[in-house]
Amino acid sequence: MEIAVIWIPADIEPSEPAVAVCLVHLRRHAYRLKGIIRAPWETVEQAMVDGEVDVVVIADLAHLPPDRSPRIEVATSPASSAGASRPVPGP
């Protein structure tokens, strides 16, 4: 069973709706919840680097900082969106 944390940025208030969405996702995937983190992204990043966490669950892609590390982008096909790329969540 993979170990997951829920990350909710500190500026998201109220946090309960985001937590509820994340908990449903955890149950659906049978992840083991280690905890809920309301700290800067770097704290979550360090937990991943240290191997303490397998999965980070967020309620909304918009919650991720655009300058996060690691940075992962998906290149879409030119036919689907004129060659644009969109960032995706990454550990």
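Buried means under 20% relative accessible area, exposed means over 50%, and partly exposed lies in between, with a 1.4 Å probe and protein chains only. Helices (H or I, at least four residues) and strands (E, at least two) are DSSP runs, numbered from the N terminus. This is a predicted model, in which local features need pLDDT of at least 70 and side-chain atom pairs count only at pLDDT 80 or more, while totals for chains, interfaces and linings use all residues. Residues are numbered from 1 along each chain as its sequence is written, and side-chain values use heavy atoms, with hydrogens and water left out.

**Overall layout**

- The protein has three helices and five strands.
- Read from the N terminus, its elements run β-α-β-α-β-β-α-β.
- Of the 91 residues in the protein, 32% are buried.
- Contact means heavy atoms within 4.5 Å. Among contacts between residues at least 6 apart in sequence, 64% join residues at least 24 apart.

- Two strands pair if DSSP finds at least two bridges between them.
- β1 pairs with strand β2 (residues 32-37) in the parallel sense, over five bridges.
- Within this pairing, Val 5 stands opposite Gly 35. Ile 3 has Arg 32 of β2 as its bridge partner.
- From β1 the chain crosses through helix α1 (residues 16-29) to β2, a right-handed β-α-β crossover. Right-handed means that, with the strands pointing away from the viewer, the path from the first strand over the helix to the second runs clockwise.
- β1 also pairs with strand β3 (residues 55-57), again in the parallel sense, over three bridges. Here Ala 4 stands opposite Val 55.

**The loop between β1 and α1**

- Asp 11 lies in this loop. Its relative accessibility is 64%, so Asp 11 counts as exposed.
- Asp 11 and His 63 are 52 residues apart in sequence, and their C-alpha atoms are 9.5 Å apart in space.
- Pro 14 is also found in the loop between β1 and α1. The peptide bond joining Glu 13 and Pro 14 is cis, with omega about -5°.
- Most residues other than glycine have a negative phi, and most peptide bonds are trans.

**Helix α1 and the residue after it**

- α1 has 14 residues and reaches 20 Å from its first C-alpha to its last, close to the 20 Å expected at 1.5 Å a residue. The expected span is 1.5 Å times one less than the number of residues.
- Ala 18, Val 19, Cys 22 and Leu 26 are buried in α1. They cover an arc of only 95° around the axis, which puts them on the same side of α1. The arc is that of the directions from the helix axis to the C-beta atoms.
- An α-helix has 3.6 residues a turn, so residues three or four places apart point the same way.
- Glu 16, Arg 27 and Arg 28 are exposed on the other side of α1.
- β1, β2 and β3 are among what covers the buried residues of α1.
- Ala 30 sits in the loop between α1 and β2. Its phi is near 60°, a positive value in a residue other than glycine. At 43% relative accessibility, Ala 30 counts as partly exposed.

- Trp 41, Val 44, Glu 45, Ala 47 and Met 48 are buried in α2. Their arc around the axis is only 160°, which puts them on the same side of α2.
- Glu 42 and Val 49 are exposed on the other side of α2.
- The buried residues of α2 pack against β1, β2 and β3.
- Gly 51 follows α2 and has a positive phi, near 75°.
- Rings of Phe, Tyr and Trp (its six-membered ring) pair if their centres lie within 6.5 Å; planes under 30 degrees apart count as stacked, over 60 as edge-to-face and the rest as tilted. By this rule there is one aromatic pair.
- The rings of Trp 7 and Trp 41 have centres 5.1 Å apart and planes at 70°, so the pair is edge-to-face.
- The pair links distant parts of the chain, with Trp 7 in β1 and Trp 41 in α2 (residues 41-49), 34 residues apart. Both Trp 7 and Trp 41 are buried.
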